[in-house]
Each structure stands twice: as C-alpha cells, then as structure tokens.
Amino acid sequence: MLSPGNPRPSQNVSRTSALLRDLLTTDPRYRRQWRARAMRSRSDLSQAAVAKVVELYLWDSGERSESATSLARQLKDRISRALNGLSLSAQTLQWIIDAFGMDQNDQERLWEVFSGRAGHGGGGISHTLRRRREMIRRQCHRTVSLVERYTVGPDGAMLFRRTLHTIRAIEDGVDIYIFNHEPEADKIDVMHGGRIGRRYEYGEGLHSAEIILDSALLKFESTALEYRAHFTQGVSRLSEVRRTAFARVENIDMAVEFQGAAPRDAWWCVWDDQIGGTLVEEERTEIRNGIVRKYIPFIEETVTGFRWQW
C-alpha cells in the first residue's frame, strides 16, 4: 500500500472524497456494510452509517476505547467533512480503508489521488484531464471490463475498431450507452447487447453514437456489449489512437494490429485532453508480430492510448 504522506492540497482532498463516495455507493462489498447500519432503507450514501462502520472498527481494533462516549459524535462530524470534500486527513482515510476492508487496488487508487500521484504509476491511471469536454448525456454506468482492438491496414489507415465492453448501471433505468468514436468512423455495427440508435456530432470535433440496450438495466445490473466501428477508406495514415475515460473504467486491454509493415517506434501514452492536448507521460512499447498491446487495471478522468512513428 502507498504511504499516506503529508497533508495535501484541497484539490486532492475533493478528488479523494469524490472517489470515496463512488466506491462506497457503487461497490457492493462496501455498500452493504453501511446500508446494514443505516437507520432506514436508502440508496443514497448515509454518512452516519459510514461513521458507525468506522466506530465499530476502532472499537474492535482497540484503537479507541468503547468508553469514549463522544466518539460517535466526533466521528460523524469527521466523516461528514471527509465525504463532502471539506477536509480529509491521512488518518481518516486510513480508518475508512481499514473499516471497510478495501482491497489493494482501491487502497492504492485512493492514496494515489490523495497524494497527487494519480496518473503516475501504481498500476492504474487517473485524473490527468485538464478539462471535461461536452457530453451528450450524463453517464449512468461504470465499466467492469473493456477490450479494444484497432486494426490498421497496409496503407497505414484505420480499418476498424472492435470493442468488447461490460458495463454496470449505477441507477435504475439505464437503457442507452453512448459510444464516443473517431470522426472517420462512417459505420457502426452492434453485434451483441443492443442496436445502434442516433448519431451525434457536437462540440469541438466530437462524435458519438447511441447503443440502445436490449433491455434496461436496474441499479447494479450488468450487461455485455460487442460493437465495431468501420472507418472511411482512403483517409490519411494514422499515428495514434486514444481512449477517454471520465468515470472509472476497470480491466482495460488495448491493442493495435498493423496488417502491413509495422511502425518504426511505438509508445503507450497518457494525455490531458481528448483532442490535441499535452502528453502527460509516455512509455516506449514493443511491437511484437505487428501488434502493440497494453493492459491497465483501471483508468479514470484520463485519456490513454498509443502513438507511433512510421
């Protein structure tokens, strides 16, 4: 686990608080613990119930005596400030992590954001976006797994992009997934899980298409999708592909296959914007049998992908 380190600026506190709220409300392992201690049945996060989980942990671990009569009130105020992004100490964060038994990936992710190291190691990549661009609709899902396969033709132009995608609803009634794609994609086929709906062109060169799910999802239900984007033939040679993630995307497997001569060099990259922007970091990657490939445990609020030189 990463070291908590010193107190961090408020921006890191607010981001860590947002991540804590997301984990506590969307992960069934953590959600069931505070819901079991909530005064009434509710779907929104109960800060008092979270405080109770922490209180019981402190008593059980012997870190606080059960005779400390003011502990409940102190914890409620402290947890409220932490979850609302007003203040969050390393000690409070550690208490919440330990009280809920958070797994190693979630622990590392929280400490990365809290310490300001998000996007720089630790397995996952997060919070490198300089700004959020316009979205067609509010995102109502999280990604459980994502497999992206790009195929580049002998002339260096993109042929198609194939995606295997498992999503989980974070509210009732999720019936549409918005697929954001490259401007050159002229046809999109849905092979499994839904059918194509309306297509949009908006903002600064952004393109997307609706995938209407076979059936609407209830909160915490999941579904698998498979879809393919076909690209206009004759466009200029590509030198990069990018995948944007706003909310958390887990278990990402990206690869680019070159059907002709492979590029001279290739890099795995992280950017601060969907279009243009600045490289945050890059890592030279091996081209094996005409393919570059990368697995990432999670990405969030970032843009990742490959670039290459012919």
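Predicted model: local features only at pLDDT ≥ 70, side-chain atom pairs only at ≥ 80, totals over all residues.
Trainee: Okay. How many helices and strands are in the chain?
Mentor: Six helices and 14 strands. Those are DSSP runs numbered from the N terminus: H or I of at least four residues for helices, E of at least two for strands.

Trainee: And how much of the chain is buried?
Mentor: Buried residues make up 46% of the 310 residues. Buried means under 20% relative accessible area, exposed over 50%, and partly exposed in between, with a 1.4 Å probe and protein chains only.

Trainee: What about contacts in the chain, how many link residues 24 or more positions apart?
Mentor: Of the contacts with a separation of 6 or more, 73% are between residues 24 or more positions apart. Contact means heavy atoms within 4.5 Å.

Trainee: Let's go to helix H3. What span should H3 have?
Mentor: With 15 residues at 1.5 Å a residue, H3 should span 21 Å, and its end C-alpha atoms are 21 Å apart, which agrees. The expected span is 1.5 Å times one less than the number of residues.

Trainee: Which residues of H3 are buried?
Mentor: Ala49, Val50, Ala51, Val53, Val54, Glu55 and Leu58. Just after H3, Gly62 takes a positive phi of about 80 degrees.

Trainee: How do the axes of H3 and H5 cross?
Mentor: The axes of H3 (residues 47-61) and H5 (residues 90-99) come within 9 Å and cross at roughly 85 degrees. Axes here are lines fitted to C-alpha atoms, for helices over the stretch in contact, with angles from 0 to 180 degrees between N-to-C directions. H3 and H5 are therefore roughly perpendicular to each other. For that wording, under 35 degrees is roughly parallel, over 145 roughly antiparallel, 65 to 115 roughly perpendicular, and the rest oblique.

Trainee: Which residues meet there?
Mentor: From H3 it's Val53, Val54, Tyr57 and Leu58, and from H5 it's Trp95, Ile96, Asp98 and Ala99. They divide into seven nonpolar, no polar and one charged. Ala, Val, Leu, Ile, Met, Phe, Trp, Tyr, Cys and Pro count as nonpolar, Asp, Glu, Lys and Arg as charged, and the others, Gly among them, as polar.

Trainee: Is Ile79 buried or exposed?
Mentor: Buried, because its relative accessibility is 1%. Ile79 lies in helix H4 (residues 71-83). Beyond residues up to four places away in sequence, Ile79 touches Gln47, Val50, Ala51, Val54, Thr92 and Ile96. Ile79 and Gln47 are 32 residues apart in sequence, but 6.6 Å apart in space, C-alpha to C-alpha.

Trainee: New topic: why is H6 called largely enclosed?
Mentor: Nine of its twelve residues are buried, so H6 is largely enclosed by the rest of the structure. Among them are Trp111 and Phe114. At the start of H6, a side-chain oxygen of Asp103 reaches to within 2.8 Å of the backbone nitrogen of Asp106.

Trainee: Last one: which side chain does Asp253 join in a polar contact?
Mentor: That of Arg293, at 2.6 Å. A polar contact is a pair of N or O atoms within 3.5 Å; within protein, one must be able to donate a hydrogen and the other to accept it, and residues adjacent in sequence count only if both atoms are side-chain atoms. Asp253 lies in strand S10 (residues 249-258) and counts as buried at 13% relative accessibility.

Definitions and conventions. Residues numbered from 1 in each chain as written. Heavy atoms only, no water.
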